[in-house]
Every structure is written in structure tokens, then in C-alpha cells.
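Dear colleague,

I am passing on the structure we spoke about, with some notes on what came out of going through it. Please look at it alongside the text below.

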Amino acid sequence: MKKHNFSAGPSILPQEVFDKAAQAVLNFNDSGLSLLEISHRSKDFVAVMEDARALALELLGLTGKGYQALFLSGGASLEFLRVPYNLMTLHGKAAYLDTGTWAAGAIKEAKQFGDTLIIGSSKADNYSYIPKEFTIPADADYFHCTSNNTIFGTQMHSFPETNIPVVCDMSSDIFSRQLDFSKFDLIYAGAQKNMGPAGTTLIVVKEEILGKTGRQTPNILDYKQHIDKESMYNTPSVFAIYTSYLTLQWLKNNGGVAAMEKKNDAKAALLYAEIDRNPLFKGTANAEDRSKMNVTFLLNNEAYAEQFDKLWKSKGISGLPGHRSVGGYRASIYNAMPIESVQVLVNAMQELEKSIQ
């Protein structure tokens with residue numbers, strides 16, 4: 001039976017990426033060596049790293065605009081720490097938007113470095129919406145936001161205008177929609193949603209914002225060091241980067257970010273339409289802030305939970321249970337998720353409705 005993987009991450013990837021990555025594990029570039037045993041300094045992998053970094057900038061429309069792309073380790077959680085280390089000045093302050101668990105994690109780390117202002121928060125309403133009415137202090141060192149919130153199913157559909165550097169955690173919606181990415185001075189994203197397996201993080205940073213904190217930054221945490229060493233300051237996660245590179249190639253070959261956005265819009269519209277139509281279900285996020293990557297919803301009557309769970313599992317659906325913070329269900333419909341799989345879930349929801357009538 002075909003599996004329909006709605007997991008929030010690590011998540012679905014294109015089948016051709018799995019096939020190529022699997023072959024590389026056995027024999028990389030006809031070298032007779034596995035990708036898992038080659039030197040990260042080998043000519044073949046250095047080419048992968050260079051191409052992956054260049055391709056990331058190309059897909060975001062940032063080539064030749066003063067940005068550098070890095071593939072580093074530690075996940076987005078390390079970037080919670082690395083961002084203030086590199087951008088918050090001594091005795092400085094930063095402005096943060098609190099929209100969910102991961103935004104809260106970034107705030108916690110930033111508080112170790114200086115005055116961390118929470119300029120907007122939806123915590124009191126279990127992060128069911130994106131705050132709109134907030135003011136970004138003009139004298140803050142940077143503004144930090146999280147573009148998509150996997151747990152709570154909300155997404156920023158617009159971003160504020162400001163003259164200070166803008167930092168965005170795009171871990172769960174990078175490459176999923178068109179934006180003017182030049183409005184962001186630093187973007188970071190864990191690979192395990194839309195790019196590849198867990199183990200590497202993409203950082204895209206405008207070089208001109210670096211080196212201005214007045215603090216001594218450990219080399220391993222210094223973006224300038226990683227730029228100078230071309231993402232090779234320490235041994236990189238070879239497999240995760242190679243698989244991310246394959247995914248970026250797949251994305252480019254299939255029309256790039258613009259084409260992905262159209263497909264993602266169609267998938268989200270299909271599923272949200274059923275949630276709103278079907279009297280057995282309801283969404284958890286405010287309609288205007290609904291995520292097009294992570295669709296969170298509940299049964300109106302939990303008495304049907306066991307029946308619905310058996311039903312969607314019988315269809316080959318996997319990874320649907322919601323996070324404990326929200327409950328219910330969460331359908332993660334990242335770039336590689338085909339609309340046919342979304343239709344299978346919609347059919348299961350309709351089948352439940354018919355069985356109860």
C-alpha cells in the first residue's frame with residue numbers, strides 16, 4: 001500500500017531524491033566509495049557544497065546581492081543562539097515576535113545576550129494567530145520572526161517594514177512560496193521539512209550586517225568564520241547536505257519556487273475547504289493566519305476519534321496526529337507532498353461523515 005506521509009519533520013521528500021541519495025550511499029559519482037565514507041574535502045563533495053550554496057541563493061533570487069549561503073550543523077536551535085551572538089551588540093537589544101514554541105525558544109536564548117523585547121505574542125490564545133499590531137523599535141539591533149509555526153498551524157502572510165536587520169526562521173516553509181527575500185537580512189532553516197533529512201541547516205546572510213557587535217564570538221559560532229571557510233570550518237554533514245542539494249535540484253527542475261507555490265496553494269485550499277465544509281471537523285488556527293504547510297484541525301466530537309483514526313490509517317496515511325500542545329490532527333503538506341495524497345485524506349474525512357449520517 002502506498003504511504004501518505006504527513007509527518008511534520010523529518011518529512012516527505014521527492015522519490016527521485018530518495019533514489020539518487022540511496023545510490024550515492026552505495027556508490028557516489030561512480031567512485032566506488034560510499035557518500036558516507038568520502039572525504040568532505042574531496043573534489044566531488046566540494047563541488048556539491050559549492051553548487052548547493054549557489055543553488056540556494058539562485059532559488060531565493062539573492063544571487064549577486066551581497067548574501068552568502070551556508071550549510072551548518074546544530075539545527076535551527078543552534079541558530080537561536082548564533083543569531084544574537086552575531087547580531088546583538090554589547091548592551092544592545094533585539095525585538096522578537098512570539099508566535100509559537102520555536103519562536104519562544106529563540107527568545108529564551110537571546111535573553112542571555114541582552115535586552116530581548118517581545119513586541120507581540122499570541123501565547124495567551126495558544127498561538128492560534130499571528131500578532132498584527134506591534135511596533136518594532138528603531139534602535140533595536142534586529143527584528144526576529146518565525147515565518148511558519150509547525151505546531152500551531154499558523155503562518156506569516158506578510159512581513160513588517162523596518163529599517164533594522166530582519167531575521168527569519170523559515171525552517172518549515174523555506175522554498176514553498178514567493179517572497180521578496182531581499183527584505184530579509186538573515187534567514188535560517190533546518191533542512192528536515194522542505195529540503196532534506198535532519199542534520200544540516202541552511203543559513204542565508206547578508207554579509208554587511210556582520211562584525212558589528214563589539215563582542216568576542218567563538219569561531220564555531222561566528223558566521224564570518226563559516227563564510228571564510230566556505231561552510232567547511234568543521235566537518236559538514238555530508239549526507240544531509242548532498243540530499244538537500246538533490247532536493248534543490250529537483251525544485252529548480254520542477255519550476256522553482258513559483259511553481260511550488262501554485263501547487264502548495266492548491267493542496268492547502270483543498271484541505272481547508274473540507275475542514276470548513278465538513279461538520280465533523282474544525283480548524284485550530286485563525287483563518288487569516290492559516291499555514292499552507294501545516295494544517296491543524298480537530299474533531300468537533302472526540303467520540304469519533306477512534307473511528308477516524310482507524311479510517312485514515314487504513315488508507316495508508318502516516319504522521320497525522322497533532323502535537324500535544326494542540327491535539328487533534330496535523331497534516332504537513334510540504335513541497336514534496338502530492339495533491340493526490342491530500343485527496344486521500346479528504347476522502348477519509350468525507351467517508352467518516354457518510355458513516356455517521
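In which helix is the place of D228? This is a predicted model, and in it D228 belongs to helix α5, which covers residues 223-228. With a relative accessibility of 59%, and since exposed means over 50%, D228 counts as exposed. D228 is also one of the residues of a negative surface patch, which it forms together with E50, D51, E207 and E230.

The aromatic residues take up the rest of these notes. Searching the whole structure gives twelve aromatic pairs, among them the edge-to-face pair of F80 and Y188, whose centres are 6.3 Å apart and whose planes stand at 70 degrees. Because F80 is in helix α3 (residues 75-87) and Y188 is in strand β9 (residues 186-190), this pair ties together parts that lie 108 residues apart in sequence. F80 and Y188 are both buried.

A further pair is made by F159 and F184, which counts as edge-to-face because the ring centres are 5.0 Å apart and the planes are at 85 degrees. Here F159 sits in the loop between β7 (154-155) and β8 (166-169), while F184 sits in the loop between β8 and β9, so that the pair ties together parts 25 residues apart in sequence. F184 has a relative accessibility of 3% and therefore counts as buried.

Finally, there is a cluster in which ring pairs link F281, F297, F308 and Y329.

How values were computed:
Residues are numbered from 1 along each chain as its sequence is written. This is a predicted model: local features need pLDDT of at least 70, side-chain atom pairs count only at pLDDT 80 or more; totals for chains, interfaces and linings use all residues. Side-chain values use heavy atoms; hydrogens and water are left out. Patches are made of residues with over 30% relative accessible area and no salt bridge: like charges are joined within 9 Å, nonpolar side chains (Val, Leu, Ile, Met, Phe, Trp, Tyr) within 5 Å. Accessible areas come from the Shrake-Rupley method with a 1.4 Å probe; for residues, only the protein chains shown count as cover. A salt bridge is a side-chain nitrogen of Lys or Arg within 4 Å of a carboxyl oxygen of Asp or Glu. Lys and Arg count as positive and Asp and Glu as negative; His and the chain ends are not counted. The place of a charge is taken as NZ of Lys, CZ of Arg, CG of Asp or CD of Glu. Helices (H or I, at least four residues) and strands (E, at least two) are DSSP runs, numbered from the N terminus. Buried means under 20% relative accessible area, exposed over 50%, partly exposed in between (1.4 Å probe, protein chains only). Rings of Phe, Tyr and Trp (its six-membered ring) pair if their centres lie within 6.5 Å; planes under 30 degrees apart count as stacked, over 60 as edge-to-face and the rest as tilted.
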